[in-house]
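This briefing sets out selected local features of one protein model, grouped by topic. Please read it alongside the sequence and the coordinates.

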Amino acid sequence: FSPSSYSISEAGSSAAITIRRTGTTSSAVTVHVATANGTANSGSDYSAVSQTVSFAAGESSKTVSVPIIDAGAVGGSKTVSLALSSPSSGAELGRPSSANLTIVDDDRAVAFSASAYSVKENGGFVTITINRSGSTSSSDTVHFATKNGTAKAGSDYRSVSQTVTFAAGAASQTVSVPIIDARVFGGSRTVSLALSGPSPGVVVRSPSTATLTIADNDKPGKITSARLTKKSFMKAQARKVKLVLKFSPRSAKLTYRLMRKKGAKWLTVRNVTKKGSFVGKWTSSVKALFGRKSIKTGRYRLKLTAEANSKTLAFRVM
């Protein structure tokens, strides 16, 4: 063989393999050439060759073509083994009688460096890495975007939608996703990440989507105190009777269940869920607790719940 190693781009149609004859060339000779799988597979990366090469009198060089198959997927460069054998009578094998053909992968692909990322709620931002594999000889682009999971853009994080550019030679790029510290306990929340719209010749491979988990660093809010300014009053006084709740450190959700005793049973008058940033103190009138329900005389029970703890108050309307 001349030389002992060959290479060709995956996009090439065939590799030209040169076989040289040395010494006298006055007569015709033959030699057999064959391919064998190295890391490349015949049928998917190249077409196998097994043929007899004939040198006519006076010929010192012959060329054999090895057809190349473009796999169309990123798999790295692969090799094919080449071997000479069975020279005709009067000829012998010289060195090298074996050689390697490298099929250079020219495909490019982009993907997230991981399928899951995490950041603390007070982390400020999180860095997302996007990797490019295969050829990096040219510049490429891909679009990156965030989408609400259980987290909400504007309150838990700032949405990102941008084109990521890989300069020639660059194998990775990063994107920053700003994180908003809600300072209210709400548990861990998730953001969906996605890659799309790569530049021509680039494929998006797995993981093409990922999940960002924003870990809540706040403690569950709780009611530290709850009181009514009066526990017994006339219906006409309901507007002036105040319910005062104190929270620590703060709560994202407040619920209350208002019940009235009828005979031996307690009947629900109103169930309410309030969402927001309840911090410090929250005040409401007893009349407001009823909403559109009419206030009747009798005994009442009010169950208040903030996150994981609750308190129950009792009052009477005369």
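In which segment is the place of P3? P3 is placed in the segment before β1 (5–9), where strands (E, at least two residues) and helices (H or I, at least four) are DSSP runs numbered from the N terminus. The model is a predicted one, in which local features need pLDDT of at least 70 and side-chain atom pairs count only at pLDDT 80 or more, while totals for chains, interfaces and linings use all residues. Residues are numbered from 1 along each chain as its sequence is written, and side-chain values use heavy atoms, with hydrogens and water left out.

**Backbone geometry**

- Most residues other than glycine have a negative phi, and most peptide bonds are trans.
- The peptide bond from S2 to P3 is cis, its omega being near 0 degrees.
- A cis peptide bond also joins R95 and P96, with omega about -5 degrees; P96 belongs to the loop between β6 (78–85) and β7 (98–104).
- S86 lies in the loop between β6 and β7, and this non-glycine residue has a positive phi near 50 degrees.
- The relative accessibility of S86 is 55%, so the residue counts as exposed; the classes are buried (under 20% relative accessible area), exposed (over 50%) and partly exposed (in between), computed with a 1.4 Å probe on protein chains only.

**Aromatic rings and a charge over a ring**

- A pair of aromatic rings is described by the distance of the centres and the angle of the planes.
- Rings of Phe, Tyr and Trp (its six-membered ring) pair if their centres lie within 6.5 Å; planes under 30 degrees apart count as stacked, over 60 as edge-to-face and the rest as tilted.
- The count by this rule is seven aromatic pairs.
- One of them joins F278 and W282 edge-to-face, at 6.3 Å centre to centre and with 85 degrees between the planes; both F278 and W282 are buried.
- F290 and Y300 are also edge-to-face, because their ring centres are 5.3 Å apart and their planes stand at 80 degrees.
- This pair links distant parts of the chain, with F290 in helix α1 (residues 286–290) and Y300 in strand β21 (residues 298–306), ten residues apart.
- F290 and Y300 are both buried, and ring pairs link F233, F290, Y300 and F315 into a cluster.
- The charged end of R301 sits over the ring of W266, 4.1 Å from its centre; the criterion is NZ of Lys or CZ of Arg within 6 Å of the ring centre and within 35 degrees of the ring normal.

**Surroundings of K78**

- K78 is found in strand β6 and is partly exposed, with a relative accessible area of 23%.
- The C-alpha atoms of K78 and G38 are separated by 7.4 Å, although the two residues are 40 residues apart along the chain.
- Leaving aside residues up to four places away in sequence, K78 touches T39, A40, D45, L101, T102 and I103, contact meaning heavy atoms within 4.5 Å.
- The side chains of K78 and D45 are joined by a polar contact of 3.1 Å.
- A polar contact is a pair of N or O atoms within 3.5 Å; within protein, one must be able to donate a hydrogen and the other to accept it, and residues adjacent in sequence count only if both atoms are side-chain atoms.

**Sheet organisation**

- Strands of a sheet pair through backbone hydrogen bonds, either parallel or antiparallel; here two strands pair if DSSP finds at least two bridges between them.
- An open sheet of four strands has the order β13-β10-β8-β15, with mixed pairing.
- β13 (172–178) and β15 (202–204) are at the edges and have a single partner strand each, so one side of each is left without a neighbour in the sheet.
- Strand β8 (residues 108–112) pairs with β15 in the parallel sense over three bridges, and the bridge partner of R108 in β15 is V202.
- Strand β14 (residues 189–196) pairs in the antiparallel sense with β11 (residues 140–148) over six bridges, where A145 stands opposite A194.
- Six bridges also join β14 to the antiparallel strand β16 (residues 209–215), with T190 opposite T213.

**S251 in β19**

- S251 lies in strand β19 (residues 242–262) and is buried, with a relative accessible area of 0%.
- A polar atom of the S251 side chain lies 2.7 Å from the backbone oxygen of K253.
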